[in-house]
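Biologist: Before we discuss this model, could you take me through the terms used for it and show how each value is set against its definition?

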Amino acid sequence: MAPTFLSLYFLFFTFHLLPCLYGQSSSMESVPDLQNTMYTVVDGYPCVRLLNLSGTIGCSNPGRDKVVAPIVRFENVDELSEPSAILVSLDEFPTLFTRISEDLSFASKVGGVLVESRTDLQNKLKGFSPDKKFPQAEFAPDHNISYEWNPIGSGIMWKSYNFPVFLLTESGSKTLQEFVIKNGGKRKAYTSNVAEFDLVMQTMKSGTHDSEACLQEATCLPLGGYSVWSSLPPINISSIKQSKPIILTVASMDSASFFRDKSLGADSPISGLIALLAAVDALSRLNGLGDLSKQLIFVVLTGEAWGYLGSRRFLAELDMQSDAVHGLDHSLIETVIDIGSVGKGLSQGVKNFFAHTDGDSSAANQTMVALKRAQESLLSENIKIASASTSNPGIPPSSLMTFLKKNPAISGVVLEDFDSVFVNKFYHSHLDDLSNVNSSAIVAAASLIARTLYILASETKGVQNSTLAAINVNVSLVEQLMDCLLDCDPGLSCELVKKYISPSSTCPDHYVGVIIDEPSSTPYPGYINDVPRFVWNFLADRTSIPRENNSSGCQQGCNGKDEVCIKAETDGKGVCVLSTTRYVPAYSTRLKFESGVWNVLPPNSSDNMGVVDPVWTESNWNAIGLRVYTVQIGAYDRLVLFGGIILTILAYLAIVITRALVTKAMKRD
C-alpha cells in the first residue's frame, strides 16, 4: 500500500517537471541560460513619470515592485476580472485611453498596457495627438485660450497613470506575437502568458509627488538642456558697442510624445529646424554679408514643448547679460521670425505657407512685404505666402509667445504650414515621423526664409533679382538633414552628423531630456544631447570665417576670444574658426542651482510666464525593462499544494498502518 502512494506522489511531480527540463539540459549551462529559456525580453519605448509643482503626469509602476499581469487583447475584453496587461493595436490606443479616463472600474484593473507598432498607420488613421487642443495655452499672450488649434488633441499625455505603458518596437511587436503564438499552441488550461513590467520610478518609491519635493530629495532632475545661437556674419565681441538692429530667426529642436524616447516631431517642429539650417547654409555662401544694414541672429531653442524653457531662459540670460549671450543686446532686437511647422506645406503641387502676426506694426508689415518679395522671386517654384486669417486668436503656439509676453511691443511673425488649425494630425505624437513631411515643402520654406532675411537685412527696396537668384537652398542638404534627424537609417550615423560629432546613438530623438549638472555657457560635451551638439557645430561651421592658419588644431584651445573649436569630437583635434556660436542653458526660470542642489524660487510677479511655470522634472529610475513568460495560474498552484499535502498525509498514514500490520504479523510468528 505504501509503495503505491509514494509512487503516485513521485510520478505526479515528475510528470510536471520533466517537460520543463527534458531536451533543454544540454543547452543550459548557466543561470543566464536558464533565464533566457524562461523569459522573453521585449523591446519598447516607455511612458515615464514627469512631475511639476502641482503633481504628476505620465506612467509608472504603482509601487516599488515589478508588475506581473496576464496578457489580454483589448479587442477581446469587455470587463476585466483581475489586473491585466492589455495588448492593444495602435489604431485602438486612443479608444483604450478614452475608456480608462471614463471608466474608473475598468481603469483599476489595468495592470499595464502594451501598444503594438505599425508603420502603415498614418494614411489609415484620421489622426492621433496626445496633446491638448490649445497646447500650452497658459503661456499664450491672448486670452482666448479655448480656441482649438489642435482639434484632434486628446490631452492624454498630460494625465497621470499608475500603471506602466510601453510602445513596442517593430521587433518587440514581432517578438511578442511569436511568443503568444508559440505558447498558444502549448498552453494548458492551468497556464497563462504574462508580462513583467519594470518601470519603477524613484519618485514613487520615495513618495516625492511634486517637483519641489523630488528636487529636495534628489529623486528627479529638471527638464532642460542647451539651446544654440549663432550670428551671420560673426559679431566682433571685442567691439565696445554693437549698433546694428537685429533680425532674430528662431526654430525649435525639441518635441514631445506620450513615449519619452519616441519624440521625433518631424513636422512639429523639426521641419522648421531643417529649414533654418538650410537657410543659414544658403546665406553663408554670399559675399558682403558684413555690409548689410542689420545683423542676422539665429537661435535654435530646446525645451519649448515644456513651458517654453529655451526661449524664456534665453531672454533671462539676455537680461542678466551672461557669458552665454555675450555680444547680444536685447534692445537691438527689431524683428523676430519664428519658423514653425513647414513640412506639410504642399498641396496639389503648390507650397502654401501662412504668416501669423500679433497686431499691426510697421516692422511686421515690412516682414510681410519682404516675404511677398521673396515669393515673387521664387515664382517658378510654385510657392505661395499668405497672411493668416484675422479670425485667429493671435499667433499659434510658438516661441514668439515668449517674446511677446516679455515685450508686447516687439514685432514678430510665425511661419507655418497651416492657417486656422494644425494640418499636422499627429502633433506631439510618435507618429509625426519622416513619412509625415515633404522635402520639397521644407526646401521651399528655407528658400523663402533665406531670401526674406536678406531683403530685411539689406534695408534697401531695390534688392536686385540677380542677387536674390543667387540665394539657393541646397536640396541635397535638406534631404540629408531629414535622413539624419528623422530616421534611424542612417540616422545620426550619417556622414553629415559624423563630420562634426561622435553621436552616442543612431536613432534620433528630440525629447528635451534633463539638465544634469550646473548650467554653463561652456558645458561639458557629455552633458549635451547629440542634436544640440550637431546643431552647434553645423552653425559654427556655416557662419564662420576660417583662420589664416588653422592647421594646428585646437587641442590647447583657440587663441582668440572670437574663436570656437569645431569638429573636435571626430578626430580629437578640431579646427579653430572665427564664429559667434554659443550654447545657452535651457531650464526653468523658477530654478536655481546652488551647492549642487536645485532649488525652486518663489514666483516673481513681474514675470508673467514664470508665475504659471509648472517647473517640469523627470523622475530618476534604476532600470526600465519588459519581459514576458508563461506561468501556472494561482488556482492550479494551490491545487498542486493541497494535493501534495494530502498525498503526504496519506503516505504517512500508509506507513503507520503498514508498520502496525508488519509488527502484528511478526508477533504472531
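**Disulfides, a helix and a sheet**

Modeller: The link of C554 and C565 is right-handed, with 45 degrees about the S-S bond. This is a predicted model, in which local features need pLDDT of at least 70 and side-chain atom pairs count only at pLDDT 80 or more, whereas totals for chains, interfaces and linings use all residues. Residues are numbered from 1 along each chain as its sequence is written, and side-chain values use heavy atoms, with hydrogens and water left out.

Biologist: What makes C554 and C565 a disulfide?

Modeller: A disulfide is a pair of cysteine sulfur atoms within 2.5 Å, and the sulfur atoms of C554 and C565 are 1.8 Å apart. C554 lies in the loop between β20 and β21 and C565 in strand β21, so the pair ties together parts that are eleven residues apart in sequence; helices (H or I, at least four residues) and strands (E, at least two) are DSSP runs, numbered from the N terminus.

Biologist: Why is C554 called buried, and what is C565 called?

Modeller: Buried means under 20% relative accessible area, exposed over 50%, and partly exposed in between, with a 1.4 Å probe and protein chains only. C554 has a relative accessible area of 8% and is therefore buried, while C565, with 22%, is partly exposed.

Biologist: How do you know that β20 and β22 pair, and in which direction do they run?

Modeller: Two strands pair if DSSP finds at least two bridges between them, and two bridges join β20 to β22 (residues 575–578), the two strands running antiparallel. In one of the contributing positions, P546 has V577 of β22 as its bridge partner. The open sheet has three strands in the order β20-β22-β21, with antiparallel pairing. β20 (545–546) and β21 (563–566) stand at the edges, each with a single partner strand, so one side of each is left without a neighbour in the sheet.

Biologist: How do you know that the span of helix α16 agrees with its number of residues?

Modeller: The expected span of a helix is 1.5 Å times one less than its number of residues. The 13 residues of α16 (residues 530–542) should therefore span 18 Å, and the end C-alpha atoms are 18 Å apart, which agrees.

Biologist: Why is α16 described as largely enclosed by the rest of the structure?

Modeller: Of the 13 residues of α16, 13 are buried, so the helix is largely enclosed by the rest of the structure.
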